[in-house]
Amino acid sequence: MTGIFDWLKKAIAEQEAADSFHPARVSELPDPLRHVMARVLRLGQVDAGELARDLSQGEADVEDALQSLVHLGFLKQVGYERPYQYAAALGLRRARQMPAGIWQSLNQEITSSGT
């Protein structure tokens, strides 16, 4: 009976690993991007001007860093009007997709093990 459950556990773990963002990945970023990301994590939702003032850097450089982090999946752009707001994209997950016929298979496993 453990075969189907082991398979399910493995499938779910693989899907979660592919779908989720782990904060430890921030440490893998190059220094300039890591510093920008760390400040966004501390400040929450920010725009490039606010972050540039906080980091004492040029707004264009900070905007480039923010766009790079969006492209890499670390940040999400919030809103559609300038100045754009940015926020950390932590814990994003897609809906889990269960394999077709899973409930029937589980029911068969339970029925066959009960007799």
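## Overview of the chain

A residue is called buried when its relative accessible area is under 20%, exposed when that value is over 50%, and partly exposed in between, using a 1.4 Å probe and counting protein chains only. By this definition, buried residues make up 26% of the 115 residues in the chain. The model is a predicted one, in which local features need pLDDT of at least 70 and side-chain atom pairs count only at pLDDT 80 or more, while totals for chains, interfaces and linings use all residues. Residues are numbered from 1 along each chain as its sequence is written, and side-chain values use heavy atoms, with hydrogens and water left out.

The secondary structure comes to 5 helices and 3 strands, where helices (H or I, at least four residues) and strands (E, at least two) are DSSP runs numbered from the N terminus. Read along the sequence, these elements follow the pattern α-α-β-α-α-β-β-α. A contact here means heavy atoms within 4.5 Å, and among the contacts between residues at least 6 apart in sequence, 55% join residues at least 24 apart. The chain exposes about 8000 Å², of which carbon and sulfur atoms supply 52%; such accessible areas come from the Shrake-Rupley method with a 1.4 Å probe, and for residues only the protein chains shown count as cover.

## The sheet

The 3 strands form an open sheet in the order β1-β3-β2, with antiparallel pairing. Strands β1 and β2 (75–78) stand at the edges, each with a single partner strand, so one side of each is left without a neighbour in the sheet. Two strands count as paired if DSSP finds at least two bridges between them, and β2 pairs with β3 (residues 85–88) in the antiparallel sense over 4 bridges. In one of these strands, β3, alanine 88 is the bridge partner of leucine 75.

The loop between β2 and β3 holds proline 83, and the peptide bond that leads from arginine 82 to proline 83 is cis, with omega near -5°. Helix α4 lies across β2 and β3 and runs at about 110° to β2, where axes are lines fitted to C-alpha atoms, for helices over the stretch in contact, and angles run from 0 to 180 degrees between N-to-C directions.

## Valine 46 in strand β1

Valine 46 has its place in strand β1 and is buried, with a relative accessible area of 0%. Leaving aside residues up to four places away in sequence, valine 46 touches Val40, Leu51, Tyr84, Gln85 and Tyr86. The C-alpha atoms of valine 46 and valine 78 are separated by 9.4 Å, although these residues are 32 residues apart along the chain.

## Helix α3 and its two ends

Helix α3 spans residues 48–55, and its buried residues are Ala48, Gly49, Leu51, Ala52 and Leu55. Seen down the axis of α3, these buried residues fall within an arc of 165°, so they line one face of the helix; the arc is that of the directions from the helix axis to the C-beta atoms. The buried residues of α3 pack against α2 (31–43), β1 (46–47) and α4 (59–72).

Aspartate 47 caps the N-terminal end of α3, with a side-chain oxygen lying 3.0 Å from the backbone nitrogen of glycine 49. After α3 comes serine 56, which is placed in the loop between α3 and α4. Serine 56 has a positive phi of about 55° although it is not a glycine, and at 67% relative accessibility it counts as exposed.

Definitions and conventions. A polar contact is a pair of N or O atoms within 3.5 Å; within protein, one must be able to donate a hydrogen and the other to accept it, and residues adjacent in sequence count only if both atoms are side-chain atoms.
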